[in-house]
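My notes follow the order in which I checked them.

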Amino acid sequence: NVGLTETTETYLSSRLASTRHDYSKDAPVIEPWELHKAIQGNYTFYVGAAKAKEIDAVSRVPSIEPLDSAKDGARWILNADTLTETWQRKLDEKRVKAIANFAQTSESNSIVNSIILYIPPDAQGVYLDAESGQLSFDFNEFLARIDVETHHIYRDYTLEGGGVPDKDHRPIWILDGQHRTRGLAISARGSELMLPIIVLIGGEEPNDFSLSDAAKLFTEINTLN
């Protein structure tokens, strides 16, 4: 198995259109990410690098139906502030496995494209020190604790039950790079690779990215590139 700890169970889930993880002992701990502030126009964001398995462990991808045209994208942007659970296309499992195979088959195979991440205003267990640029995580604040007989496990997901739908509890949203992230995360070699990241901070302050700002960026990535 690959993941943050030796006992992590990692799955590629068609049901969730994502990876999912079980942590059988304690909630995992990772070192803070070292980020650097950057300013472009009216916006402040942060750049750095992190291991694929760490990005995978803290990031989810709310899904939408495919955007077939710029008109669809524009309509989606206009409603973005109310669409907190509907962001990206469903995961292409074949593409994810192809990336995993690419990473695993040769030490010279690398993926250096940046992963674009968005921290929504209500994210739990994510803390940015604006002075130092350190982004830290407390997994206890967002993982679901499940009691099973004589012990408990921690999960980053819960499945439908009692009228409650499936839920991914990871706090950060992937705006671009879900296939790279998930594919590398299920590869023993790929999960250890350092990936460049761009982190957008959600909020309503003048230099923050609002939900509609993030939606606009997402749509531009997926319709103009």
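I began with the exposed residues Lys94 and Thr105, which sit on the face of H3 turned away from its buried side. Exposed means over 50% relative accessible area, buried under 20%, and partly exposed in between (1.4 Å probe, protein chains only). Helices (H or I, at least four residues) and strands (E, at least two) are DSSP runs, numbered from the N terminus.

I noted the ground rules. The model is predicted: local features need pLDDT of at least 70, side-chain atom pairs count only at pLDDT 80 or more, and totals for chains, interfaces and linings use all residues. Residues are numbered from 1 along each chain as its sequence is written, and side-chain values use heavy atoms, leaving out hydrogens and water.

Next I listed the buried residues of H3: Val96, Ile99, Ala100 and Ala103. They cover an arc of only 100 degrees around the axis (taken from the directions from the helix axis to the C-beta atoms), which puts them on the same side of H3. I found them packing against E1 and helix H4 (178–185), with contact meaning heavy atoms within 4.5 Å.

Then I turned to the sheet. I found four strands in an open, antiparallel sheet, in the order E1-E2-E11-E10. Two strands pair if DSSP finds at least two bridges between them. Strands E1 (9–13) and E10 (144–148) stand at the edges with a single partner strand each, so one side of each lacks a neighbour in the sheet.

Last, I checked E2 (residues 18–23) and E11 (residues 151–155), which pair in the antiparallel sense over two bridges. Asp22 has Arg155 in E11 as its bridge partner.
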